[in-house]
Amino acid sequence: MTDPIWIKDPLAILAEGAERGVVVKDGAIVELVAKSREPATPGAKAFEARDHVIIPGLINTHHHFYQTLTRAVPAALDRELFPWLKALYPIWARMTPQALDAAVTVAMAELMLSGCTTTTDHHYVFPKGLEDGVDIEVAAAKRLGIRVLLTRGSMNLSERDGGLPPDSVVQDEDTILADSERVVARFHQRGEAAMTQVALAPCSPFSVTTSLMKKTAELADRLDVRLHTHLAETEDENAFCQQLYNCRPLDYLEDCGWLNHRTWLAHGVHFDKSEMPRLAKGKVSISHCACSNQTLASGHCPVCELESAGVAVGLGVDGSASNDESNLMQEVRAAFLLQRGRYGVTKVSHKDALRWATKGSAACVGRPELGEIAVGKRADLAFYKLDELRFSGYGDPLAALVLCGAHRADRVMINGNWTVIDGAIPGLDVTGLMRRHQAAAKMVQG
């Protein structure tokens, strides 16, 4: 048991009836303190938040941590998705356990410093010697104190079988399914306070077999875990599915047993209007990756149409090789601008973008206890100061976070614990980490 903390008198807070802040105890929000009121919780110790704008901790619903090793690689510049992947697969095949540890630590630290409290990762590259990739990720997340939903990704459809990846980065079906069951048994936690969870995530229709897609769905149902994959990211994917399976990607997904409440999909750019109600009926959610889609010129996720159809939409930074950063607060602004440009000023507000990254993202990861500042929700909070030149002259503090381009949290609380203080992660040697990470990047890039 810990003493309750009254997060007192914030400059602004994204919650109704919490003008004087919130009270946190044992990792949960136990009280909202309304205007002109005092906490009813006995023994609450005050943390003065008068300089902070407070929002629910941001939730990242799609990423590839290992790709921090290949930011702005010349061979992959100015390419669309398929040739971009072909340029990078041979580089990723050179990853070692030490390189992966550096990569995932950089990605998670960068996310935390931006105000992210929960992150997913889609790790699907398992070259020889990196069979314990998920184990490495779990250890790094525990060191940093970030909440994670790590996916055991997979690829088993190589170039020789008509797929996209080379033989060096694929595994066979039996190996994939056995390790999927292993990592769920070893690492997946249940309950509202869970800090480490595991989902199953074949990479995409063009890199796994139909057999693996179906058996992974069956395994997820038996183990009661979530499912994740890329879908409807590019027109090339549509053409691939039509050529190989004689159907559109969503039809293929349904045939494989994936159109259900366990599933969240990365990108969702190229769904047609008849497919959106089917997604909603199946309770499938979408991770919108605005920066990556723009970098690779893949198109724009139809967020408003999806939400109108009843589909939950969250945000993801996607891989640091297609976004070149792992900053979720910057992703909020990018998504706001992209969707504002698409739908107009009356359809998309800064609060919509913040909602996508919080409550919407919580729906993607199946964690309704996250993503909101309300009694009973987990105490995952991001605190920002408006003391930089970019904010000078602001009016509405919450709008300023998005419109003026906030990018670094001053404090972050995860499960009631301070994980970022004064813009830094306590105990993390950033200089040493960067030195180790840059050496690893140089090694894999050759």
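View 1. Lys8 counts as buried, with 18% relative accessibility (buried means under 20% relative accessible area, exposed over 50%, partly exposed in between, with a 1.4 Å probe and protein chains only). This is a predicted model, where local features need pLDDT of at least 70 and side-chain atom pairs count only at pLDDT 80 or more, while totals for chains, interfaces and linings use all residues. Residues are numbered from 1 along each chain as its sequence is written, and side-chain values use heavy atoms, leaving out hydrogens and water. The side chain of Lys8 meets that of Glu48 in a salt bridge (3.6 Å, N to O); the term stands for a side-chain nitrogen of Lys or Arg within 4 Å of a carboxyl oxygen of Asp or Glu. The pair links distant parts of the chain, strand β1 (residues 5–8) for Lys8 and strand β5 (residues 45–48) for Glu48. Helices (H or I, at least four residues) and strands (E, at least two) are DSSP runs, numbered from the N terminus.

**View 2. A network of salt bridges.** Here Asp132, Asp135, Arg152, Asp179, Arg182 and Arg186 are linked. Within this group, Arg182 and Asp135 meet at 2.8 Å, N to O. Asp135 is buried at 14%, whereas Arg182 is partly exposed at 28%.

**View 3. Strand β11, covered on both faces.** Leu227, Thr229 and Leu231 lie on one side and His228 and His230 on the other, all buried. Strand β11 pairs with strand β12 (residues 263–267) in the parallel sense over five bridges; pairing requires that DSSP finds at least two bridges between two strands. Look for Leu231 opposite His267 in β12.
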